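Keep the sequence and the model side by side. The tour moves from charged pairs to a strand and then to a helix contact.

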Amino acid sequence: MSGSLVGTTDPDVAVAVAVAEASGPLVIALDGPSGSGKSSVSRQVASRLGLAYLDTGAMYRAATWWCVRNEVDLADQSAVAALVAAMPLDIGVDPAGPTVHVDGVDIAEAIRDSTISTAVSAVATNLDVRAELRRRQREIIDVERTAGFSGGSGVVAEGRDITTVVAPDADVRVLLTASEEARLARRSLDVHGDADASSVEATRDQVVRRDRDDSTVSQFLVAADGVVTVDSSDLDFEQTVQAVLEVVERSGRH
């Protein structure tokens, strides 16, 4: 398997790699609310298992950036959907350095700007946009099953709809969650570099409102049938990664 950890001393990682190597391409779908650690945990799991990493949330942010750049009214759902359908998006799936380009422009940093964070729900709740981006996400996942960055080893795909709509047939499906307090603190550290009261409050809108808005078109707060819940409220980053790898191990993929 491409990217395997030869001679690893970590028993959880070793078993997970062995499972992946024995069973062909591995698709892991990881969903959850904002601030649960989906992106960082998914990247690390993908890196350790030699898989591609697909950040579907970045695709919605890229679509929002594209609409803002083209000065389309985000309330005009038809215009937004038409623009996104023609969006020249290139998503890099190397977990060591995922990239996002639109029309040849590197927007990996630009899409994390607070203006995009504030506006993204207007685009992400557009049902026609969701249909288009889901289609592209499935294409990327299918490529990684046979070729692509991973050489056919598979992919860790994370974000809204992944476990239930985009990849309900994934080999492993995980809902990564955490308490609101933990999620706010983590996102505050990520955005502001601090988790004091003022920083947390400044981050609340991004986390709480975004989840509220997105929950009108996507289910990511409660695990669907067959989806394993990992609660990271009391886990550090490495413990959370290990918990997901243990789910992979237990799945057996058979």
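Is R112 buried, partly exposed or exposed? R112 counts as partly exposed, because its relative accessibility is 45%. The cut-offs are under 20% relative accessible area for buried and over 50% for exposed, with partly exposed in between (1.4 Å probe, protein chains only).

This is a predicted model, in which local features need pLDDT of at least 70, side-chain atom pairs count only at pLDDT 80 or more, and totals for chains, interfaces and linings use all residues. Residues are numbered from 1 along each chain as its sequence is written, and side-chain values use heavy atoms, with hydrogens and water left out.

Start with charge. Side chains of opposite charge can pair when their charged atoms come close. A salt bridge here is a side-chain nitrogen of Lys or Arg within 4 Å of a carboxyl oxygen of Asp or Glu. The whole structure holds 10 salt bridges. One of them joins R112 to D55, at 3.0 Å from N to O. This pair links distant parts of the chain, 57 residues apart: R112 sits in the loop between β5 (105-106) and α5 (114-124), D55 in strand β2 (residues 52-55). Helices (H or I, at least four residues) and strands (E, at least two) are DSSP runs, numbered from the N terminus. D55 counts as buried, because its relative accessibility is 11%.

Next, look at D103. Its salt-bridge partner is R69, with the closest N and O atoms 3.7 Å apart. D103 lies in the loop between β4 (99-102) and β5, and R69 in helix α3 (residues 56-69), so the bridge ties together parts 34 residues apart in sequence. D103 is partly exposed at 47% relative accessibility. R69 is partly exposed too, at 43%. The backbone of D103 also deserves a look. Most residues other than glycine have a negative phi. D103 has a positive phi, near 55 degrees.

D161 lies in the loop between β6 (154-158) and α7 (162-166) and R134 in helix α6 (residues 127-146), so parts 27 residues apart in sequence are tied together. Both D161 and R134 are buried. For D161 the relative accessibility is 2%. D161 is not a glycine, yet its phi is positive, at about 75 degrees. Elsewhere, salt bridges link E132, R135, R136 and E139 in a network.

Now turn to strand β7 (residues 172-177). Why is β7 largely enclosed by the rest of the structure? Because 6 of its 6 residues are buried. In a regular strand the side chains alternate between the two faces of the sheet. In β7 both faces are covered, with V172, V174 and L176 buried on one side and R173, L175 and T177 buried on the other. Strands pair if DSSP finds at least two bridges between them. Strand β1 (residues 26-31) runs parallel to β7, joined by 4 bridges. There, D31 has L175 as its bridge partner. Strand β8 (residues 228-231) also pairs with β7 in the parallel sense, over 4 bridges. L176 stands opposite V230 of β8.

Finish with two helices. The axes of α3 and α5 are 9 Å apart, at an angle of about 100 degrees. The two helices are therefore roughly perpendicular. Axes are lines fitted to C-alpha atoms, for helices over the stretch in contact, and angles run from 0 to 180 degrees between N-to-C directions; 65 to 115 degrees counts as roughly perpendicular.

How values were computed
Parallel < 35°, antiparallel > 145°, perpendicular 65-115°, else oblique.
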